[in-house]
Structures are given as structure tokens and as C-alpha cells.
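Open the model in your viewer and keep the selection tool ready. The tour goes from single residues to the place where two parts meet.

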Amino acid sequence: MQVEMKPVIRVEKTKNSKISQVDFSNLPFGKVYTDHMFICDYKDGQWQEPKVIPYQNISLDPSAKIFHYGQSVFEGMKAYKDKDGKVWLFRPLENQKRLNISSKRLAIPELPEEIFMEGLKELLKVDKNWIPQSEGSSLYIRPFVFASGNGFHASPADKYTFIIACSPSGSYFAGKVKVLIEQTYSRSANGGVGYAKAGGNYAGQFYPTQLAVDKGFQQVIWTDDTSHEYIEEAGAMNIFVRINDTLLTAPTSDRILDGVTRKSILDIANDMGIDVEVRKISVTELVEAAQNGSLKEMFGAGTAAVISPISGFGYQDKTFDIPELKNSYAEQFKKHITDIQYNRAQDKFGWRYEVK
Ligand SMILES: *Cc1c(COP(=O)(O)O)cnc(C)c1O
């Protein structure tokens, strides 16, 4: 069934706005939710009427397949308000496409681009006053789809629910992190679901991450599942390494999530004339670079924090520090990206998307 080009979105506004109870000068990350949400159900082989409704609990049968088989995928994006109060998204179609890439892998029906984009824009219009304007703050947007159809039978559901919920959020930056290079556990494997933003991928990371935290680290660097010799991701972020002045990142594969921030950094770095290599990075090479002083930087890249600098890493029983660096690539990329996101700089790549 073909969905009409511009779906008609029914809007039901709340009678009890919570906005006056929110301290916008002291926002946590992802803990406060706006007055409305976008919702669209899938049944009888098609997506149903898309709606913006008051933010509310959802009711599910205990046998809904999401609870038993983890059939769910999500996205993470942000809306930014510039100094004139205009609202911007950053490469939103990348998230829309990726949601469907993830859905396909989890046997979830794909969502038409129009429902995603029109629903998102309508929700942002209704909750516009919730988009923070202060430096570093933004509206974190969480689109997700899950199996709402039921049955204690390990097979795809016949009903799904797509929701977009939003959270006005302060800066994600939690200082520099020390990371542990994982030698036992894996977040993904060849032929697996690592490239999908599937809920279960993150549940599987919690336990190994807790073990790393118990050892005094904040995050895990995931390595390839066969040899644990090549670094792949930093927690739920893509990984970058700077050796001398060369910027390195692992190539995407079915084990690695294709991050929008990663892609954007590669474009910016190329544009700045930085020497970039997208290739496998071995732990041996990293340890050698740390020992001979050529390892200048390591950082994670993702929508929430943009860039999360790494101050050192643990490998086997040793730890290696990465000395503080002035005018780091990490700082430069973060400034470049956020200047585009907040409409403070020219957008030569055409990444900004105005919500009117
Ligand atoms: C979401 C995510 C990223 C970063 O993707 P962005 O599009 O930059 O936000 C990287 N790795 C994993 C595992 C992720 O889930």
C-alpha cells in the first residue's frame, strides 16, 4: 500500500502543559519530556493514522513481542534553536534512512519517509517552546519502533508502534573519559546486528561496561569479536584516533554503526586538509603509539555528546595516558559541527534543515 505524499497528522494538544515546572537553566540529559509525542501504529499490513498526542504512558499486553524477543529499534537526533529562535535539525534524513536499515534487520516494517519527517516537524512545531536556546542545550529527539503485537511465539509481530518522544537536554559532556579496551566481551559479530540501532545491542553492553567501571574506567572500547585485536567503537559512539597528525577511524561494517557524527567528521577533516585514514586500527599499533608519544588523541563521536575526548586507555593490566593537547582535533571538530548545528556558521555541506 502506498501512503499519500503528505500524511495528514491529527493533533491533539494537552490541556495541562508541564513546561512551567521545568528549570531550563539546569537541564539533565534525557530525563525531562515535552508535552507531546508523535505516534503511528502499524497493523493489517499498513501504517495507520499518524497523530501528535499529549505525552503519555502506553498500554501493552504482557505478551507483546517487544518484551520477549526485543524486536525494537531506535534513533537519536537533536533539534537546535538559534539566537533568532529559528529551529534546525542536523541531517535528519540520515536518521530516517538508518531507522529503516535497522528495522529491516529486525524484520520490522519500514516506515515511509513522509510519516517520519512530517510527524517530526509537526511535533517540533507543537512543542517548539520546549527547545532550549542556551549554549550547549538542545532538544534530544528519540524516534523508535517496537513490536506491539503479541504472542509467545518467536516470530515477527503483526503490529508495531512508532513513537517520537523529545527531551530538552543540557550538554552531555561528562569530562574526559578513561576507557578499557575489551578483551573478552563483544558488542557485535559478523553477520549480527551491530550496524542496527537495535535495543538489545545496548542491553548487551551494560554488563561488560559495569565490569570496566568497577575497574576504574568509564567506558569500553569494543574490539572485533574474532581476535579482539582491532578497535571498533567507543561505548555507543564511533571511535577516532589521532596518530601524529593523521586522523584514523575504523571502516564501517556489519559490526559497526554508521554514525552521522562520524561521517560528518570525516567530511570536515577532509575539507580542512587533514590526513584521514579509514582503516583497521590494531591495539598493538595503539599501544606502540602511546608508548612512543605519537598517539595524540582518542575520542568517541555521536549525536548526544558530539565528541567525547578520551584521556587514557587500559589494555590487559596496563594503563596508557594520553597527554592534554591544545587546539585538539576533537575541539576543532566539535566547534565546526556545533557551529553548523546552531546556525552560527556557513553550512557548506548542506547539513542544516530548518523546521518552519
Ligand atoms: C548511535 C550510535 C553511534 C553514533 O551515531 P550518530 O549518528 O553519530 O549519533 C555510534 N555507535 C553506536 C553503537 C551507536 O548506537
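Which side chain does threonine 161 join in a polar contact of 2.9 Å? Select threonine 161 and look for serine 148: their side chains make that contact. Keep in mind that this is a predicted model.

**Stop 1: threonine 161**

Stay on threonine 161. Its place is strand β9, residues 160-169. Is threonine 161 buried or exposed? It is buried, because its relative accessible area is 6%, and buried means under 20%. Now show what surrounds threonine 161. Setting aside residues up to four places away in sequence, threonine 161 touches Ile39, Cys40, Asp41, Phe144, Val145, Phe146 and Ser148.

**Stop 2: serine 137**

Next, select serine 137. You are in the loop between α3 (113-126) and β8 (138-147). Serine 137 has a relative accessible area of 6%, so it is buried. Serine 137 and serine 169 are 32 residues apart along the chain, yet 5.7 Å separates their C-alpha atoms. Beyond its neighbours within four places in sequence, serine 137 contacts Pro132, Ser169, Gly170 and Tyr342.

**Stop 3: the two domains**

Zoom out and colour by domain. Domain 1 covers 10-169 and domain 2 covers 177-341. How far apart are the C-alpha centres of domain 1 and domain 2? They lie 28 Å apart. Domain 1 brings 19 residues to the contact, and domain 2 brings 20 residues.

Show the surface between the domains. About 1,700 Å² is buried between domain 1 and domain 2, and carbon and sulfur atoms give 59% of this area. On the domain 1 side, select Phe90, Arg98 and Arg105. These residues lose the most area to domain 2, together 35% of what that side buries.

Now pick lysine 263 and glutamate 94. They form a salt bridge, with the closest N and O atoms 2.9 Å apart. How many salt bridges does the rule find across the interface of domain 1 and domain 2? It finds one. The interface also has eleven residue pairs in polar contact.

Highlight β5 (72-74), β6 (77-81), β7 (87-90) and α2 (92-105) in turn. Each of these elements gives two or more residues to the side of domain 1 that touches domain 2. The largest share, six residues, comes from α2. By type, that side of domain 1 has nine nonpolar, four polar and six charged residues.

**Stop 4: tyrosine 185**

Move on to tyrosine 185. Find it in the loop between β10 (177-181) and α4 (199-214). Tyrosine 185 is partly exposed, because its relative accessible area is 30%, between the cut-offs of 20% and 50%. Show its partners: leaving aside neighbours within four places in sequence, tyrosine 185 is in contact with Tyr207, Pro208, Leu211, Trp222 and His228.

**Stop 5: serine 328**

Finish at serine 328. Its loop runs between β18 (318-321) and α7 (329-341). Serine 328 is buried, because its relative accessible area is 7%. What does the side chain of serine 328 reach at 3.0 Å? Select glutamate 331: its backbone nitrogen is the atom reached.

Technical notes:
Residues are numbered from 1 along each chain as its sequence is written. This is a predicted model: local features need pLDDT of at least 70, side-chain atom pairs count only at pLDDT 80 or more; totals for chains, interfaces and linings use all residues. Side-chain values use heavy atoms; hydrogens and water are left out. Domain bounds come from an automatic or database domain assignment. Contact means heavy atoms within 4.5 Å. Buried area is the accessible area (1.4 Å probe) that two parts lose on being put together, summed over both. A salt bridge is a side-chain nitrogen of Lys or Arg within 4 Å of a carboxyl oxygen of Asp or Glu. A polar contact is a pair of N or O atoms within 3.5 Å; within protein, one must be able to donate a hydrogen and the other to accept it, and residues adjacent in sequence count only if both atoms are side-chain atoms. Helices (H or I, at least four residues) and strands (E, at least two) are DSSP runs, numbered from the N terminus. Ala, Val, Leu, Ile, Met, Phe, Trp, Tyr, Cys and Pro count as nonpolar, Asp, Glu, Lys and Arg as charged, and the others, Gly among them, as polar. Buried means under 20% relative accessible area, exposed over 50%, partly exposed in between (1.4 Å probe, protein chains only).
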